[in-house]
Amino acid sequence: LSINQDQVLEDVTKSNVSDYTTLPSLDNFTVSIVDAAGGVFWSGLINDWDPETKLLAGEYTANASYGDLENEGFDKPYFEGTQTFTVAGDQITDVVIPVALGNTVVRVECTETFKNYFKDYSFSLVRGSVELAKYVKGEDKAAFVDAYGLSITGKCTNEVGQVSSFSQELTGLAPTKAY
């Protein structure tokens, strides 16, 4: 078993997940091997897999993941991948599981004109009443979130002290994309 980590994200220009966070070690991926009937043959960290393990001839699916899609915020990427394979009698089967980012990257960028006009500002990614990530003035990290049901709220104070607030629902977000 091995893992092929796809770092590419789709955004205005192609970028890598490593542009937004530290990539996990491949040793930290959890792998499960499921037989054609849906029974789990093996599950654990990839380093715990013994390459000498023998499987009965048949169809299998290998699933690999890192992180948790429901654990959202800064530096919380979730990777996942699946590979089906066939084991034939008395043969070695090499299985490479392609994994890709399973959540969405959201980053708030402000222009210099915006920063100069507003003496203070903050933005939050929220779902319902739960704040997933808060961008305070000067924050430039990217948040990793499930694309489902997401809003951005903001509060800006201009140079004369006038406060403006807004809320905007973010729709059409997709995994493996940076916004």
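Me: Helices here are DSSP runs of H or I with at least four residues, and strands are runs of E with at least two. With that in hand, how many strands does the protein have?

Reply: Keep in mind that this is a predicted model. The protein has 15 strands, plus one helix.

Me: And how do I read overall shape? What radius of gyration does the protein have?

Reply: Set the value against the one for a compact globule. For 179 residues that would be near 16 Å, whereas the protein comes in at 21 Å. Then look at the box: along the principal axes, the C-alpha atoms fill roughly 80 × 30 × 25 Å.

Me: What about contacts, meaning heavy atoms within 4.5 Å? How many join residues at least 24 apart?

Reply: Start from contacts between residues at least 6 apart in sequence; 55% of those link residues at least 24 apart.

Me: Which residues have the most contacts inside the largest nonpolar core?

Reply: The general idea is that in soluble globular proteins, nonpolar side chains tend to gather in buried positions. In this model, the largest nonpolar core holds 24 residues, and Ile3, Val31, Leu55, Phe85, Ile97 and Val105 have the most contacts inside it. At least two core residues come from each of β4 (30–35), β6 (58–66), β8 (79–87), β9 (96–101) and β13 (142–145). A separate core has 17 residues, including Val106, Val108, Leu125 and Val145.

Me: Let's zoom in on one residue. What does Ile97 touch?

Reply: Leaving out residues up to four places away in sequence, Ile97 touches Leu1, Ile3, Val31, Ala62 and Gln83, among others.

Me: Last one: how far apart are the mean positions of the positive and negative charges?

Reply: They're 13 Å apart, with 12 positive and 26 negative charges in the protein.

Terms used:
Residues numbered from 1 in each chain as written. Predicted model: local features only at pLDDT ≥ 70, side-chain atom pairs only at ≥ 80, totals over all residues. Heavy atoms only, no water. Rg over C-alpha atoms; globule rule 2.2 N^0.38 Å. Contact = heavy atoms within 4.5 Å. Lys, Arg positive; Asp, Glu negative; His and termini not counted. Charge placed at Lys NZ, Arg CZ, Asp CG, Glu CD. Core = buried A, V, L, I, M, F, W, Y, C linked by side-chain atoms within 4.5 Å. Buried < 20%, exposed > 50% of the residue type's maximum accessible area, 1.4 Å probe, protein only.
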